[in-house]
Amino acid sequence: MLKLVTRETDDRQDFESDAPVTQDQLLARVAQGDQAAFAALYDQIAPRVLGLVRRLLRDHAQSEEVTQEIFLEIWQTATRYDSTKGGASTWIMTMAHRRAVDRVRASQSSRDRDTKIGIRDYDAAYDNVAETVQTRVEHERVEKAMLRLTELQRQAVSLAYYGGYSHSEVATLLSVPIGTVKTRLRDGMIRLRDELGVAS
Amino acid sequence: MTDKRNDPTSLTGAYALNALSAEERAAVEAGLTESESLRHEVTELADTAVLLGRAVAPVTPPPALKANIMDMIASTPQLPPLQDDTTGETDATASVTEIAPPRPASPSAAAPTPPSASTTAPGSTPTPAERKAQARWFTKPAIALASVAAVLGLIIGGGVLVNTMGESQQNNQAADQLAAINAASDSQRAVSEIEGGGTATLVWSGELASAAMIVDGLPALPDDKVYELWFIGEETGARPAGTFTVSDDGRTLRVLDGEMHAGDAVGVTVEPRGGSETPTTEPIVAITSA
């Protein structure tokens, strides 16, 4: 007869019973190697990560690939995440944007990104948002803040963030000198910071 | 900062938006160590950029993506925490290179690095706020590379993403079935150490009456032996659920043959090639699902 080894349950049952757990708490458990916590964290934030990555890459298969890389990186580096540096969501979304931009740059040669697509890209940033009340609220706040920028600031920030364009590409797309783009990106972000009430 | 084009103070916006060249990014990160106000601005603008990201409509990922990721992390070691001193954090270059070789994990390596305030000496060492800003924004190219390598290794070794790698149809089916089990609303997962080394991960769904075993680090067997899976029920005893061998990297995914009954445990034994009708050896691992 086979002997049975009791499976290690430890914290896993807690997560399966829908106990409310914050992303920060989950990430702290992930840092201890807790795979169940990782699964719960994934459930909470993967739609935002994939949404952002796909916003930049557009191609769904590539977006999933990059999302996979991002979550693997979250797993590997959660041990080095320091909660005093900002929330889990901030850490993850910053990483996600960076990785998405990396991929955009890496596949740049095959990008079909002429000026027109680039400009449209800026408008498309505001399509079909608001799958939940929270994302609608967050979207509307940003949209409102964006309206406080000059048109050039708004276009430059949108092309850079949502399009994954470098400042030199933005300069080409908008037909302005690169120095001007740098200034607009900084002024635009500072304005957004103030409008959105971000303070460290 | 003699090169005016790379003057970090003019680049904070583009930095937060990831719109810089690698060279300019490095210039900003070098500047972070020198200027408190620069750190402050970069941190705030990066937080602002996150709000832009959170304004994007979420996209629900397909269940298979989670299955792949969970399978990957099950066999991907985590990096040891950075030591809680200032070594390597006093300039950007050191910080970037320091993380390249993963250090051997110490017994306490699984614990997260505690907040630094109490251990940071005054004087030459950065304040917690400085460390925060520095640690936060230095890029980690080595980790990105490691991630890609891990993904590739897992694609090849795990047989989970095999459709992109042209592996056999059978592996494809196993991956699909694993994804289906993972996607089931009652999907569960348990990990157990294997006697003699390695880990076994059992994923199962009562709804689908199906289970899959992922083994990692299992030694290869002589040609005349195989590993055999068993469903073990209190009333039914051990029912054979298929045999498997392990690839060179000791990693295998095997969907169990037959139906899983509620309360079944799953065990693995070593059997003569071709498998046995009843176990002939002690199990190297057994996982209860109850």
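**Exercise 1. Find the residue in β2(B) that is the bridge partner of Val191(B). Then place the pair in its sheet.**

Solution. 
- Step 1. The bridge partner of Val191(B) in β2(B) is Thr201(B). The model is predicted.
- Step 2. Look at the two strands. β1(B) and β2(B), the latter covering residues 199-205, run antiparallel and are joined by six bridges.
- Step 3. Widen the view. The open sheet in chain B has four strands, in the order β1-β2-β3-β6, with antiparallel pairing.
- Step 4. β1 (188-193) and β6 (252-255) of chain B each pair on one side only.
- Step 5. From one strand to the next, it averages 15°.

**Exercise 2. Follow β3(B) across its two pairings, with β2(B) and with β6(B).**

Solution. 
- Step 1. Start with β2(B). Seven bridges join β2(B) to β3(B), and the two run antiparallel.
- Step 2. Pick a pair. Ser210(B) in β3(B) stands opposite Ser205(B).
- Step 3. Inspect the turn. The hairpin of β2(B) and β3(B) has four residues between the strands. Here Ala209(B) takes a positive phi near 50°.
- Step 4. Go to the other neighbour. β3(B) pairs with β6(B) over four bridges, again in the antiparallel sense.
- Step 5. Val215(B) has Thr252(B) as its bridge partner in β6(B).

**Exercise 3. Decide which residues of β3(B) are buried on each of its faces.**

Solution. 
- Step 1. Count first. Strand β3 of chain B spans residues 210-216, and seven of its seven residues are buried.
- Step 2. Recall the rule. In a regular strand, side chains alternate between the two faces of the sheet.
- Step 3. Assign one side. Ser210(B), Ala212(B), Ile214(B) and Asp216(B) are buried there.
- Step 4. Assign the other. Ala211(B), Met213(B) and Val215(B) are buried on that side.
- Step 5. Conclude. Both faces of β3(B) are covered.
- Step 6. Of the 290 residues of chain B, 43% count as buried. Chain B holds eight helices and eight strands.

**Exercise 4. Describe the side of chain A that touches chain B, by element and by class.**

Solution. 
- Step 1. Get the totals. In contact are 72 residues of chain A and 74 residues of chain B.
- Step 2. List the elements of chain A that give two or more residues: α3 (35-57), α4 (60-77), α5 (88-106), α7, α8, α9 (167-174) and α10.
- Step 3. Find the largest share. α3(A) supplies it, with 12 residues.
- Step 4. Split by class. This side of chain A has 32 nonpolar, 22 polar and 18 charged residues.

Technical notes:
Residues numbered from 1 in each chain as written. Chains lettered and ligands numbered in written order. Predicted model: local features only at pLDDT ≥ 70, side-chain atom pairs only at ≥ 80, totals over all residues. Contact = placed C-beta atoms within 7 Å. Nonpolar A, V, L, I, M, F, W, Y, C, P; charged D, E, K, R; others polar. Pairing = 2+ DSSP bridges. Axes fitted to C-alpha atoms, helices over the stretch in contact; angles between N-to-C directions. Buried ≥ 20, exposed ≤ 12 C-beta atoms within 10 Å, placed from the backbone.
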